[in-house]
Amino acid sequence: MNPHDEMSEPARDLAVRISGLSKAFGAKTVLSGLDLSIRRGEFFALLGPSGTGKTTLLRILAGLDLPDEGTVLAAPRRTTVYQEPRLIPARRVLANVTIGLPSSAREAGRRALAEVGLDGYGGAWPATLSGGEAQRVALARALVRDPEVLLLDEPFAALDALTRLQMQELVAELCARHRPAVVLVTHDVDEAVRLADRVVVLREGALAVDRTIDLPHPRDRDSPPFAEYRRLFLNHLGVVTASH
Amino acid sequence: MTAMTLERVHPADQTATRPAVESAGLEVPRYLGSRRRPAALSAGVRIGVPLLLLLAWWYGAGSGRIPPDVLAGPASVLAALRELAATGQLAEYLLASAQRAGLGVLAGGGIGLLLGVAAGISALGEELVDPTMQMMRAVPFLALVPLFISWFGVGETFKIVLIAVSAAIPMYAYTYLGVRNVDRKVVEAARGFGLRGHRLALGVIIPSALPNILMALRICLSVSLTGLIAAEQVGATEGIGYLVTLAQQYFRPDYMVLCILIYAVLGLVFDAVIRLVERLAMPWRGHVVAR
């Protein structure tokens with residue numbers, strides 16, 4: 001039985017509650033009767049092969065797609081970091097971070113930039129930033145809104161391997177400090193096991209496995225329990241791993 | 001946004017009986033995307049505005065609120081249309097104008113396309129062509145009428161050359177822009193695979209710039225109508241531009257309005273033709289429009 005069954009969960013502790021969610025694009029069903037609850041402050045990772053509806057689920061939570069069936073409830077303050085930074089080229093970094101907020105948010109915007117290690121970059125143009133820097137601006141833009149639910153749609157996928165490790169570290173640190181509920185969509189099993197409190201694998205539109213990661217931070221990729229989780233999730237993803 | 005707005009905006013999206021905001025402080029995510037509009041509604045709205053204008057015209061003329069010397073009523077315009085059609089002049093005029101406009105747009109558009117691609121692809125081409133074309137763009141082509149008459153007389157050559165010049169300029173400008181905006185990385189890769197010269201231009205660059213080129217074609221076709229009016233004012237005895245001259249000379253309000261309607265219908269026809277060409281010439285684009 002799923003330990004996060006919504007019936008057993010006190011409702012006020014939840015950041016996301018989904019029941020019976022179905023979504024199809026044309027003839028292709030991507031989500032079918034999905035039930036899922038995410039607690040406040042929980043770092044939740046969604047794994048799954050391409051086309052299993054991970055991103056669709058995230059887009060429904062962000063309000064970018066509509067469910068066909070079922071109930072989706074989420075805490076009101078939600079922000080998204082996409083795979084690409086999606087900054088507005090015609091506005092400077094600080095204006096990008098505080099976009100849609102009143103001008104009194106500028107100071108908070110500067111603090112958010114400092115938090116992601118971009119102190120003093122507020123006046124720069126997005127085109128002058130490296131990929132990693134731009135993605136950190138996107139992270140600051142999400143954090144400055146003080147989200148209750150932070151939606152991360154493969155936010156590290158387009159970064160080079162070294163930058164990706166640094167960004168993962170930064171996201172782990174920021175999420176530990178601000179404690180939003182995080183929904184991380186990723187293809188990277190190691191990333192999920194490294195960052196998340198709970199990892200699920202989506203397959204054929206439903207949860208194939210739902211596991212709490214019971215390891216202290218920072219997590220050592222080479223430790224046996226880490227490898228155990230990795231093997232478990234890879235198996236559920238249909239990747240056969242060599243046994244040691 | 002409040003729960004009330006949510007329920008009003010899309011009541012059918014979630015179980016209707018469930019309140020949008022739960023006691024736990026959770027809400028139904030507000031849909032930010034655009035909704036699919038029913039095709040029938042979309043088509044209805046599309047033709048609704050022109051139809052309303054027509055109705056207002058009909059009503060205004062019929063009730064006497066619009067005096068006939070201000071704007072001829074639908075009945076007299078229809079009568080003028082019937083008269084023209086019955087004598088065979090309408091078909092004759094349309095054919096004559098179509099021939100002039102067709103040849104002019106073909107020649108002018110072709111030249112504009114060549115120059116635009118040349119300027120877009122090579123730095124030398126840009127240096128050679130662009131300053132002159134930018135200067136030409138500032139010259140209203142109607143200013144060329146007296147000069148062209150003195151060169152070519154008032155015959156067919158003059159008319160076709162005038163339309164060609166008017167079509168070449170927008171075709172050049174949009175093609176140049178389109179070619180400049182072709183993904184440099186794709187061009188780089190194609191060069192890496194050995195594509196050069198006309199194979200690069202025809203196989204990679206022009207197809208990628210096609211949206212702009214078709215946009216240019218739309219503009220060329222509309223500009224050619226202006227060209228027709230100017231060209232058929234002198235030395236013509238037929239043509240839809242000549243019809244404007246007739247209406248003016250004999251002060252026929254019904255012909256004046258008829259001309260406007262003919263041009264409006266031609267605008268519709270051009271749009272339909274270009275849409276069709278877009279579908280046929282760019283199968284890779286699908287028909288998805290981001291709004």
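Author: Chain A of this predicted model has a secondary structure of 7 helices and 9 strands. Its C-alpha trace spans about 50 × 45 × 35 Å along the principal axes. A compact globule with 244 residues would have a radius of gyration near 18 Å, and chain A, at 18 Å, agrees with that.

Strand 1 (residues 14-25) and strand 2 (residues 28-39) of chain A are paired in the antiparallel sense, with 8 bridges between them. One of the pairs joins A:Leu14 to A:Arg39 of strand 2 of chain A. The two strands of chain A form a hairpin with 2 residues between them, and in this hairpin A:Gly26 has a positive phi near 60°.

A further group of strands in chain A makes an open sheet. It has 6 strands, and their order across the sheet is 5-6-7-3-8-9, with mixed pairing. At the edges are strand 5 (78-81) and strand 9 (206-212) of chain A, each of which pairs on one side only. On average, and with direction ignored, neighbouring strands of this sheet are turned by 20° against each other. As background, the strands of a sheet pair through backbone hydrogen bonds, and they do so either parallel or antiparallel. Within this sheet, strand 3 (residues 43-47) and strand 8 (residues 198-203) of chain A run parallel and are joined by 4 bridges. A:Ala45 has A:Val199 of strand 8 of chain A as its bridge partner. Helix 4 (residues 131-143) of chain A packs on the sheet, where it touches strand 5 and strand 6 (149-153) of chain A; the direction of this helix makes about 175° with that of strand 5 of chain A.

Two loops of chain A hold backbone features that call for a remark. Most residues other than glycine have a negative phi, and most peptide bonds are trans. A:Arg86 has a positive phi, near 55°, although it is a residue other than glycine. This arginine, A:Arg86, sits in the loop between strand 5 and helix 2 (93-97) of chain A. The other feature is the peptide bond from A:His217 to A:Pro218, which is cis, with omega near -10°. A:Pro218 belongs to the loop that lies between strand 9 and helix 7 (224-236) of chain A.

Now the partner. Chain B has 11 helices and 0 strands, and its pattern along the sequence is α-α-α-α-α-α-α-α-α-α-α. For its 291 residues the globule rule gives 19 Å, but the radius of gyration of chain B is 26 Å, well over that value, so chain B is more spread out than a compact globule. The C-alpha trace of chain B spans about 85 × 70 × 30 Å along its principal axes.

The axes of helix 4 (residues 89-121) and helix 5 (residues 123-138) of chain B come within 7 Å and cross at roughly 130°. That angle makes helix 4 of chain B oblique to helix 5 of chain B, and the crossing of the two is left-handed. From helix 4 of chain B, B:Leu115, B:Ala118, B:Ala119 and B:Ile121 take part, and they meet B:Gly125, B:Glu126, B:Val129, B:Asp130 and B:Met133 of helix 5 of chain B. By class, the residues of this contact are 6 nonpolar, 1 polar and 2 charged.

Helix 5 of chain B also meets helix 7 (residues 156-180) of chain B: their axes come within 10 Å and cross at roughly 130°. Helix 5 and helix 7 of chain B are therefore oblique to each other, with a left-handed crossing. B:Met133, B:Met136 and B:Arg137 of helix 5 of chain B make this contact with B:Ile169, B:Tyr172 and B:Ala173 of helix 7 of chain B. Its residues comprise 5 nonpolar, no polar and 1 charged. B:Met133 is listed in the contact with helix 4 and in that with helix 7 of chain B.

Finally, the two chains touch. In this contact 15 residues of chain B meet 18 residues of chain A. On the side of chain B that touches chain A, the residues divide into 6 nonpolar, 4 polar and 5 charged.

Technical notes: Residues numbered from 1 in each chain as written. Chains lettered and ligands numbered in written order. Predicted model: local features only at pLDDT ≥ 70, side-chain atom pairs only at ≥ 80, totals over all residues. Axes fitted to C-alpha atoms, helices over the stretch in contact; angles between N-to-C directions. Parallel < 35°, antiparallel > 145°, perpendicular 65-115°, else oblique. Left-handed = near helix turned anticlockwise from the far one by under 90°. Contact = placed C-beta atoms within 7 Å. Nonpolar A, V, L, I, M, F, W, Y, C, P; charged D, E, K, R; others polar. Pairing = 2+ DSSP bridges. Rg over C-alpha atoms; globule rule 2.2 N^0.38 Å.
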